[in-house]
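The sequence and the model are shown first.

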Amino acid sequence: MQRRSITYAHAGPGSGGHLAMGYFGLLAGFEGLPVPYRGNAPLMTDLAAGQVKAGFIASAGAIPHVAAGRLKGLAISSAKRSPLVPEVPTTAEAGYPQMKLNTYFALLAPAKTPPAILALLEREVQKAVKLPDLQEKWQANDIVSLGTSAAEAKAILKSETALWADIVPRAKLQQE
């Protein structure tokens, strides 16, 4: 069977949208033809205007356009639907159960940081991510706080590194 080519926009080589579409192309059996942009803002402008036809965009930037009817949300790559656009199915619900992608923000410190400082940072971060004001701001931007321990964060980073080390060469994702 011949692979189909689909042109898509992304916010730059190596961006989340670039990687996500490469992975999706592997799962769905198409070869993506990437159109790189210099960030999400110009990409969103052209996508909403119909200048480009598809792209994986961070939900915080896309949800206002979906809610206003300027964009059609086809799927969200997380394991659960977003409470901000509950009508948009997950990629798993759309037929691609392997694709459950999230963006992670990890607090990192130099390798030689003393254990007491690391423990203090972990304790304070655990408290901070539970603050109602912070939770409210994150929820408004479709961000879910995991509030993981350092050990859990290390395991996530290891897992994500292995995932992308496999996907990037198979999807032929490279700098344009």
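The rings of Phe24 and Phe30 form an edge-to-face pair, with 5.7 Å between the centres and 65° between the planes.

Phe24 also pairs with Tyr96, again edge-to-face, at 4.9 Å centre to centre and with 75° between the planes. Phe24 belongs to helix 1, whereas Tyr96 sits in the loop between helix 3 (59-67) and helix 4 (115-128), so this pair ties together parts that lie 72 residues apart in sequence.

Ring pairs join Phe24, Phe30, Phe56 and Tyr96 into a cluster. The model contains four aromatic pairs.

## Packing of helix 1 against helix 6

Helix 1 (residues 16-28) also meets helix 6 (residues 150-170): their axes come within 9 Å and cross at roughly 70°. Helix 1 is therefore roughly perpendicular to helix 6, because crossing angles of 65 to 115 degrees fall in that class.

On the side of helix 1, the contact is made by Leu19, Ala20, Tyr23 and Leu26; helix 6 contributes Leu163, Trp164, Ile167, Val168 and Arg170. Eight of these contact residues are nonpolar, none is polar and one is charged.

## Overall organisation

The secondary structure of the chain consists of six helices and two strands. From the N terminus, the elements follow the order β-α-β-α-α-α-α-α. The C-alpha trace extends over about 55 × 35 × 30 Å along its principal axes.

The chain has 176 residues, of which 28% are buried. Among contacts with a separation of 6 or more, 55% involve residues 24 or more positions apart.

## Confidence of the prediction

The mean pLDDT of the chain is 90, and 97% of the residues score at least 70. Where pLDDT is low, predicted coordinates should not be read in detail.

How values were computed: Residues are numbered from 1 along each chain as its sequence is written. This is a predicted model: local features need pLDDT of at least 70, side-chain atom pairs count only at pLDDT 80 or more; totals for chains, interfaces and linings use all residues. Side-chain values use heavy atoms; hydrogens and water are left out. Axes are lines fitted to C-alpha atoms, for helices over the stretch in contact, and angles run from 0 to 180 degrees between N-to-C directions. Helices (H or I, at least four residues) and strands (E, at least two) are DSSP runs, numbered from the N terminus. Angles under 35 degrees count as roughly parallel, over 145 as roughly antiparallel, 65 to 115 as roughly perpendicular and the rest as oblique. Contact means heavy atoms within 4.5 Å. Ala, Val, Leu, Ile, Met, Phe, Trp, Tyr, Cys and Pro count as nonpolar, Asp, Glu, Lys and Arg as charged, and the others, Gly among them, as polar. Rings of Phe, Tyr and Trp (its six-membered ring) pair if their centres lie within 6.5 Å; planes under 30 degrees apart count as stacked, over 60 as edge-to-face and the rest as tilted. pLDDT is the predictor's confidence in each residue, from 0 to 100. Buried means under 20% relative accessible area, exposed over 50%, partly exposed in between (1.4 Å probe, protein chains only).
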